[in-house]
Each structure stands twice: as structure tokens, then as C-alpha cells.
Amino acid sequence: MLKCGFILALSLVCFLSSFSQNRTALLTGTVVDENDRPLSKVSVTILGRQSGSITSDSGTFSLRTPAGRAFAVLFSYTGYRAQQKNFLLNENEKENVIIKLVYAHGELEAVTVTGNEQRTQAGLITLNPKNAINIPSPTGGIESLIKVFVGSNNELTSQYSVRGGNYDENLIYVNDFEVFRPYLVRSGQQEGLSFINPELVRNVNFYNGGFQAKYGDKMSSVLDIQYKRPKKFAGSAYAGLLEQGFHLEGVSKNNRFTFLAGVRNRSNRNLLSSQETKGNYVPSSSDIQALLTYDVGNRSSIELLANFSRTKFALAPESSQLTSSVFSPFFSANLGLDIFFEGREKDSYNTSMIGLSYLHQPSSKVKLKWMVSRFGNDEREGIDITGAYLFGEREFDKSKADFGLITNPLGAGLYQTYARNKLNISVWNFTHKGSWDKSNHYIQWGQSVERQSIDDKLHEWEYLDSAGYNLPYNPSGLILNGFTSSKANIDILRLSGYVQDNFVISENAGVTMQGGIRYNYNDLNNEFLLSPRIGLSWKPANWTRDIIFRGAAGAYHQPPFYRELRRPDGSINKDLKAQRSYQVTAGFDYNFRRGSKPYRLTTEAYYKTMQRIVPYDLDNVRLRYSGNNEAKAFATGVEMRLFTELVKDAESWISLGFMRTRENLDNDVYYDYKLDSSNNVVDSTLQQGGWFRRPTDRLFTFGLFLQDYLATNKNFKVYLNFLYGSNLPYNIPGSIKYRNALTIDPYIRIDIGFSALLLDADKANRRSHNPFRNFENIWATFEVFNLIDRDNTISYMLIKDFSNTRFALPNRLTPRLLNLKVVARF
């Protein structure tokens, strides 16, 4: 814990400190063009700083600089190639220089425009998709950026939990089409590529609560992705030890047709080879995506989005060694579990999505959109693995011959896991959306008809043998520890729609409001839902500070889908009702400067009350629902985020979160037994369970994403990704008294990446026969995952000894690993 506190304090100091520049020198000079004519209004800045100086009409400048250390000065002027010069001056030293800028033929500067409209929306975080390519993380992608804000407990998955919700409570849209994930995945190591290809992304809007009525019926979050619409021919290619990819984009000569396509391939073999379970891992995942657009006329366009993804996972386990230390007043030991396996696992997850949309704009203020899409999911699980185990105290004295072996056996047994599961899901969706920009009102509406077909076959069982006895023990016959065999064919018709108005109440007072209502109906249980939602923002007009207060409230009801409908025994509960959630959130967004650096501070507090909850257990990434509306719950917390640029053009941020979420199950009663000296029951008391921790209950989360580069060279960069999350609960199956009573130790993860520019964008000096003559740039990145080599825990394996005492042995995540990748753009 001391080590964790030190790292946290160090990170905060590095992020928030502005280093003083008491020792200074003076740099003066003149900037001229190729003909030695002075250039006025040339920007002169120290590399990494926000402010600097500009040249006078005679081309001269004067700049106060740091002394006693190396620094770089950047000279830039529209139409000319920027030039960088490095200096090392002593205290109070004066140096005069002459800088010559060369005219850049046909090169234009990129212009970025930002506004305050997005700051008025509660719960909205706008992300730069370029950072998704740079962030050091085993999975990478947009989801890795989101985890910096919401926290994580598993680097092997792209799924995330938001404000006490689970993975099934998050919505994902790509160009207004809803996308889905595989459902049978048990662990992060089985996962493949995320649907979202970062190379194709233009905008990323993430709502962690309080989202508007135009978004769907989920309780936690919305990830709204917009892909690029190309304006010229371009592309990129990258290759690393974990993932490879390629993308192309372009536009026709008449600018009516555009194409955007990407191909990716990923293998986590290098990651999984270091897992505690040794064996032959063969994971692979690949996908292809394309976005085609065509302008039918000046007011209409057609868009086609398609994705095909295939993920395979094969494992032939050999052995596993788990270790845990136990300290108590009665017993202390280094416990170990050695398992020797036979058998294999073979899984496949194939998904496809194709969507067609037609956009028509009858006037400058009215937009109409019609959409049709189909999502297909074909999943197969095949598991037949037998494990023989020996459990006891492990010897850790390296001087002894039996070092690493179990010297005092406490238990032995055998278990077998078998599964032959199939799942096919088909979702057809027809949607109409529209908007009308009317003076101070922006009215939006939508209507969807969706047909969901689920064809499911589950057949799985687990056999346990401890010390030669079958568990659970029954002398009259063989009883399996767990058995599920069922088939289900479900067809669900869903109707949903919304209408909302974003309007300005008072432009002078800076007050805006978003109000709307959405409905949802399904013919599975004939439930009709209404979800009113409202948002409000206020920017005080007479304040000198740039601050916006914002809040939102509403109903966020979630109708059941495949996983919620299924009970633990495999049966389907077609009478299951929607989980209901009422939420309120309030906070502020504050822009300010300290010295030359810009800062943005956002803070939000929230409270969610939930009814008709379907309780679940979380094991790795697998969610097991009870299949019944039998609980109520709440989640409340505060989130704070600080954005800045430690150096110019390199955004960094910190995120802090405090949260509590609890649930109260119906009929959660149990007995406390009083025993005599012979351990015989002499009395019992009926107890009420009360409020338990939910599986996602995490008191504190901390996230840091930092970008920096050398003071004398912007072409050498460093990226740091630091995540911390306090402990999580873990459930003991079949126990009301000890529901979610185990704890998973805090998750601590530091990933770091170093990038170097191998080829810059200056093409003037490249020869005609140079194979890289058409490349914009090439970067090489070296990454260190889990820099501190932390043994993070994802779940527990529960083992009984000879006396029937249960022990929990941790399943660990990945250790320190290295990765190398090269990215080229053209």
C-alpha cells in the first residue's frame, strides 16, 4: 500500500506542478526568408510551451529563456517550413541569432476549431481518437482511453464498467448504428478485436451518465462513434507483436463517392504465454470494415457500413501453479495449488454487421435519415478439460531441495469441465431519425422497429472429486457439481422511439435545456416503458471565469436481453421485466490558465436508484444472472477530471472517482447457528441479509494519461497510462450470508510507451526512386506493459481441504511484457 501511495503522489506531483524558471537567459535575433528579407509576425516559442513571442516588422525578436539546461525554440510562419533550433545558455547570457525560413510549396497547416456546445451536456467526455493509437495498453483502442476515466480491473478485455454498472449496461453506436459484442465469452483471454477501428474514427463522444433521450435504453453509458468521411486519398499501416493493421481512404474526382476501409489481425499469444496456466495457446482475431458514401444529389446521400469479424481461441492446458499467503490468528501459511491438465478448449466467435442509411436534407434546417441494419452473431464453445490437483503448503526456502513444491498436502482431487454451447443471434433494425433547427430550438425525433431472434443451445457440466469423494457427496449415486442442458428459440419484436428538444432558455443569461422522452415496447413480456429525461446548463454571463454549471435527471430503464433472461439452470424467464433506474447528476466545467498552460476541470456528482434489479455474479468477464427481478440497488459517487497540456500539442489528463453501489435482495435470509463444544448445533437465529456490495463496487479509482516529448526534439515522445482501483468484491456461490464477501486486491497498472519519428513529412529531400517518397511519416514505438510487474487478481478458484474448509486461490493477470510496433502513414 505504501508503494501504491508513493506512485500516486508522484504522479500527481508530475502532473500538477509547474516548474519555476528563476534562472534565465536572453535570446534575440532576426528571422528572414530565402532572399534575406525580414519576416514579420513569425511565431517564436520554446518547444513544449503555450506562449512565446512574435517578430516585429523588421523581423527581430527577443525571448526570455531558461538557463542551465538544453531547450529548443520553434520558429513557424504560415506558408513556410517550421524550423527548430536547440540552445544551451548560461544564466544571464545573451545570444543573438539569424534564422532563415524556407517557403513550403503546397503545404498547408491543419486548423482545429472547438466550441462550448459539448461542454453544456452532462456526463459527456469528448476524446481525441489519435490518442487511442498512442496509449500504451495491451488491448489499445478507444476503450483503453475510456478506462482511464471509468477505471478497469482487466487489461485483457475491451469491456468496461461505468458508475457501478456492468458490461451489459453500455450502449455503443457507430455512425448511428448500434453494435453488439459476443455473449459467451468467459474470460478476457478469449476476447478478440473490438468493433471500433481507431484508424477509421473521426469523433468520439462518451457519456458516462445523464445522456439524452435520443440514445437507447441502457442504464449506464453511451459510446457514440463517428467514422471519417475522407477528403483525399490516404492510408496507414502498422505492425506490432500483438496486432497488425492496414487502412485506405479516398474520394472520387467529382467528390461524390468516398471509401474508408480497414483490415486488422490480432494474436494475444505473447500475452497469454506468460499466464499462470501453462499450455498451448492459439488465439487469433481478424476483421474487415468498410464505410462507403455516395452523394445522390446536393441534398441526399447514401451510406453503407459493413463489418465482418472472426475470433478463435484454442487452449490445450498442461499445468498451473497458484500461490496465496494466509495470515490469521489461528493459521499462517504459504498455500499453493498445483494442477495438471488433460483435454482442450476450442471456441469461435463470428460476428457480422451491415447497415444502409439514406440521408435527405429538404432544407437547410431539416434533416431526415432512414436506416436499415442487420447484426449477426454465431458463437461456439467446446470445452473438455480434466484437472488433477494437489493443494497444501508450498516451500519457499530456496536453500531447500523441495523449493517450490507442496510439502504439507491439505487436499487433493480431480475436476472435469465440459461444455458444448451454441448461440446464434440475429437482429434486424429499421429506424427513422430527423431533426429540425428552428430558431432557438433544435428538435429531434426517431422511431425504430427491431426484430431479435435468438437460437441457443447450452450443454455444460462440472464434476468435482475431493480425496476420492464426489462433491456434492451422495452415497446413493453420482451427482454433478453443476449441470445445465437447455435449448431456447426466442423471437422478440421491439418498438422504440423518442422526441426531444434542445433549446436556449435565455441567451443573455446563458441558460440552455435539453428535454425529451422515449418509449420502449416488446412483445416478449408486453411491457411498455416511458423514460423522460432532462438536462440543464448555465454559463453565468457576468462572470469573468469560464465556467459552465450543468445537470441532468431522468429515467433509464433497461429491457432484458439474452443474458438477463437466462436463469442459472438454463431456463428462460420470459416474464422478466425491465430493470428500472432513476438518475440525477450535477456538476461544472471550468476552463482556466495557470501561467502559459490551459487547464480544464470537470466535476460531477451522481445518484442512481435502481428497482427490479436482476442480481448477477461476475467471474472474469462472464456475467451470470439470477434470471429474476429480485433486488433493489443504488449507486452514488463523485468524479473529477483535469485536462491540460504539459507541453504544447500533447494533451494529458487525470481522473479521480469515488463511488459506492449496494444491492438488497428479496428474501435474503439465512441462519446463524450456535454450536456446542462438540460442534453440534444447539440453537439458530434467522438473520436478514440487508445491503450487500455489488460485484462492481469500487470505492476509489484513479487514472492518468500523460504525453510528453524531449525539450530539444518533438520527434521523441513518451506516453504513460496509469490505472489504480481499490478492491472489488467477489462472490462465494450459494451463500447468502457471505454474498460478495471475498475481496479482490486493488488493481494497479502502469504501461509506458516511447515513440521515435523515423521519417518526417518533409518530402522535398527524398529522391524519386526512394521507396518511402510518398509516405507522410513513420513512427516506431517501444512499449512496456505492467511496468511495476504487479500481480493483479481477476478472480478466485475456490478449493476445499480434507476438513472441508474452503480456501480462495487467486487467478492472476499478465506480468510485465514488452511490445514493439511501427506505424506508417501515407
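Modeller: Gladly, and let me start with charge: Lys and Arg count as positive and Asp and Glu as negative, while His and the chain ends are not counted. On that basis the protein chain has 95 positive and 81 negative side chains, and the centres of the two sets lie 5 Å apart. Please keep in mind that this is a predicted model.

Biologist: Why is the pair of W653 and F705 called tilted?

Modeller: Ring centres must lie within 6.5 Å to pair, and planes under 30 degrees apart would be stacked, over 60 edge-to-face. W653 and F705 are 5.0 Å apart centre to centre with 50° between the planes, which leaves tilted as the label. W653 lies in strand 32 (residues 650-665) and F705 in strand 36 (residues 700-710), so the pair ties together parts that are 52 residues apart in sequence. Both W653 and F705 are buried.

Biologist: What makes F775 and F826 an edge-to-face pair, then?

Modeller: Their planes are 65° apart, and over 60 counts as edge-to-face. The centres of F775 and F826 lie 5.8 Å apart. F775 sits in the loop between strand 40 (747-759) and strand 41 (777-785), and F826 in the segment after strand 44 (817-825), so this pair ties together parts that are 51 residues apart in sequence.

Biologist: Why is F826 called partly exposed?

Modeller: Buried needs under 20% and exposed over 50%. F826 has 22% relative accessibility, so it counts as partly exposed. In total the structure holds 35 aromatic pairs, and F180, Y183, F375, F561 and Y562 form one aromatic cluster.

Biologist: How do you know that V148 is buried?

Modeller: V148 has 1% relative accessibility, and because the cut-off is under 20%, it counts as buried. V148 lies in helix 3 (residues 142-150). Leaving aside neighbours within four places in sequence, V148 is in contact with residues including W653, F705, I135 and L723. V148 and F705 are 557 residues apart in sequence, yet their C-alpha atoms are 7.0 Å apart in space.

Biologist: What makes helix 3 mostly covered?

Modeller: Nine of its nine residues are buried. Among them are E143 and K147. After helix 3 comes G151, whose phi is positive, near 90°.

Biologist: Where else is phi positive, in a residue other than glycine?

Modeller: N92 is one of these, with phi near 65°. N92 is found in the loop between strand 6 (83-87) and strand 7 (94-100). N175 also has a positive phi, about 50°, although it is not a glycine. The place of N175 is in the loop between strand 9 (170-174) and strand 10 (177-178).

Biologist: Is N92 buried or exposed, and why?

Modeller: At 59% relative accessibility N92 is over the 50% needed, so it counts as exposed. N175 has 4%, under 20%, and therefore counts as buried.

Biologist: Why is S496 called buried?

Modeller: Its relative accessible area is 13%, and under 20% means buried. S496 lies in strand 23 (residues 482-506). Beyond its neighbours within four places in sequence, S496 is in contact with D217, G446, Q447, S448, R518, Y519 and N520.

Biologist: Finally, how do you know that N573 is buried?

Modeller: N573 has 8% relative accessibility, under the 20% cut-off, so it counts as buried. N573 is found in the loop between helix 5 (562-565) and strand 27 (580-594). Not counting residues up to four places away in sequence, N573 touches L565, R567, G627 and N628.

Terms used: Residues are numbered from 1 along each chain as its sequence is written. This is a predicted model: local features need pLDDT of at least 70, side-chain atom pairs count only at pLDDT 80 or more; totals for chains, interfaces and linings use all residues. Side-chain values use heavy atoms; hydrogens and water are left out. The place of a charge is taken as NZ of Lys, CZ of Arg, CG of Asp or CD of Glu. Rings of Phe, Tyr and Trp (its six-membered ring) pair if their centres lie within 6.5 Å; planes under 30 degrees apart count as stacked, over 60 as edge-to-face and the rest as tilted. Helices (H or I, at least four residues) and strands (E, at least two) are DSSP runs, numbered from the N terminus. Buried means under 20% relative accessible area, exposed over 50%, partly exposed in between (1.4 Å probe, protein chains only). Contact means heavy atoms within 4.5 Å.
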